[in-house]
Amino acid sequence: AWATNGSIFYAGGKDNSVHSFDELGNHIAQMYDMPGDIYDIDVSPDGTMLVAVSAGGGCRVIDSTTGTLIADLWNNSSNSGVFEVAWSNDGSMIFAGGQDIKVVWYNTTDWSEIRNNSVLPGWISGIDTTPDDRMLLFSTNNNLRGYWINNGTMALNMTSHTEYIRTVKVSPDGRYVATGSNDNSVKITDLSNQTVIATIDANSDVYDIDFSSDGGTLVVARGRSSSMYAYQTDTWTSLGEMEGFGSNGQNRGVYSVEFHEDGDKLAVGWRRGYVSLHMAADAFIRVHGLYYTSLMESPWRSTYPTLDESVRVWNYDRVASTLDVYADEISTSSDISPIVQIDCMNEEIKMIIHTLLYNVLNIEFNMSNPLPFVLCFPAPFLGPVQMRSSSSTLINLGTGLLSVKSRCALPT
């Protein structure tokens, strides 16, 4: 789990201990010992606390800096494993469940129990809430349940998977819930009409899933395979595969994964007990943001009031804003054929992009003598914008918040 400021991430496993690491993957400290193998960790929205769950009935809140125990929520009520835990987005509640086949709701003001969902089909292994904290969603065996948080009544009851669901994640815009299962699939469910709109074949048990903060990318951790998959969320089609997580037998697989808030780093928990940090591989200029939506503007949650028993979403389609620019074997320019041609109806935007590419980035030099650079556009374009390289490759920027990043040399 990443700290709210993105500077630290927390991890735990079979040594029963919660550990902290910096954003470069360096170990900082062993923070706290749980009563058994650690199954999940979540950070409070204000970043001051962690809640960790484990085997042996562990469900404890600790200080995120010192590791000091703040509250023992399960409090020896059971020795069964607690598999999953989540904070509400406003920080007022914690939800936890596992082998005891119940989901317990806690008040974070005095750590008292608010509610207990116990008449359920099986173990709990995935818990999340919608961004507006209207609905709690969790998995119980192969069943997905949703409950209105204001009164605890059932809002959703679906059985779309054929085997045990291990992970549940709501998209950042509140439209979809993604579930990953031992049936080797990820199901994408539209919460507005409770319909499965996409099924992703992961070719292995799905142990964890996560959305990037902009909602444009979904990453899938495969618990019995040596690679992870990534998908774009406008079409739910593959973006690629990250490999190298073990080689064979019992040592391969990924048990957990979480995006850094900037979408460029992934914290990964391996089946073999490793924790690693991975950068998104870019061997070319890329405009990140993928599918920018205005949901990242925080006021949306409070400016669209609805009835209590409905989920608020930011109801605008995602806008494609990804750009790949490749350099040819030889990239040349002339007055007739510039190295990059910019086509845009808005002359002001066209001039700004031209100035940035040619005067600031000196793209004519860098295309033939590549250097890593970063370019950020801090405000929405009024586009659409198109750019054409000297190799006649058309690049469509579309509209949205854009940032150009290259961490390594352009291919030549």
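User: Why does Glu 23 count as partly exposed?

Analyst: Glu 23 comes out at 34%, so it lands in the middle class. Keep in mind that this is a predicted model, where local features need pLDDT of at least 70, side-chain atom pairs count only at pLDDT 80 or more, and totals for chains, interfaces and linings use all residues. Residues are numbered from 1 along each chain as its sequence is written, and side-chain values use heavy atoms, with hydrogens and water left out.

User: And what makes Lys 265 buried?

Analyst: Its relative accessibility is 10%, which is under the 20% limit, so Lys 265 is called buried.

User: How do you know that Glu 23 and Lys 265 meet in a salt bridge?

Analyst: Side chains of opposite charge can pair when their charged atoms come close. The rule used here asks for a side-chain nitrogen of Lys or Arg within 4 Å of a carboxyl oxygen of Asp or Glu. For Glu 23 and Lys 265 the N to O distance is 4.0 Å, so the pair passes.

User: What does that pair tie together?

Analyst: Glu 23 sits in the loop between strand E2 (17-22) and strand E3 (27-33), while Lys 265 belongs to strand E25 (residues 265-270), so the bridge joins parts that are 242 residues apart in sequence. Those strand names come from DSSP runs numbered from the N terminus: a strand (E) needs at least two residues, a helix (H or I) at least four.

User: How many salt bridges does the structure hold?

Analyst: Five. One of them joins Asp 72 and Arg 60, at 3.6 Å from N to O.

User: Are Asp 72 and Arg 60 buried or partly exposed?

Analyst: One of each! Asp 72 has a relative accessible area of 25%, so it is partly exposed, whereas Arg 60 has 16% and is therefore buried.

User: What makes Lys 169 and Asp 210 a salt bridge?

Analyst: Their N to O distance is 3.8 Å, so they meet the 4 Å rule too. Lys 169 lies in strand E16 (residues 165-170) and Asp 210 in strand E20 (residues 206-211), 41 residues apart. Lys 169 is partly exposed at 25%, and Asp 210 is buried at 8%.

User: Why do E4 and E7 stand at the edges of their sheet?

Analyst: The open sheet runs E4-E5-E6-E7, with antiparallel pairing. Strand E4 (38-43) and E7 each have a single partner strand, so one side of each has no neighbour in the sheet.

User: How do you know that E4 and E5 pair?

Analyst: Two strands pair if DSSP finds at least two bridges between them. E4 and strand E5 (residues 49-54) have five, in the antiparallel sense, so they qualify. Val 43, for instance, stands opposite Leu 50 in E5.

User: Why is Gly 97 called buried?

Analyst: Its relative accessibility is 0%, so it is under the cut-off for buried. Gly 97 lies in strand E9 (residues 93-98). Leaving out residues up to four places away in sequence, its contacts (heavy atoms within 4.5 Å) include Trp 74, Phe 83 and Ile 124.

Terms used
Buried < 20%, exposed > 50% of the residue type's maximum accessible area, 1.4 Å probe, protein only.
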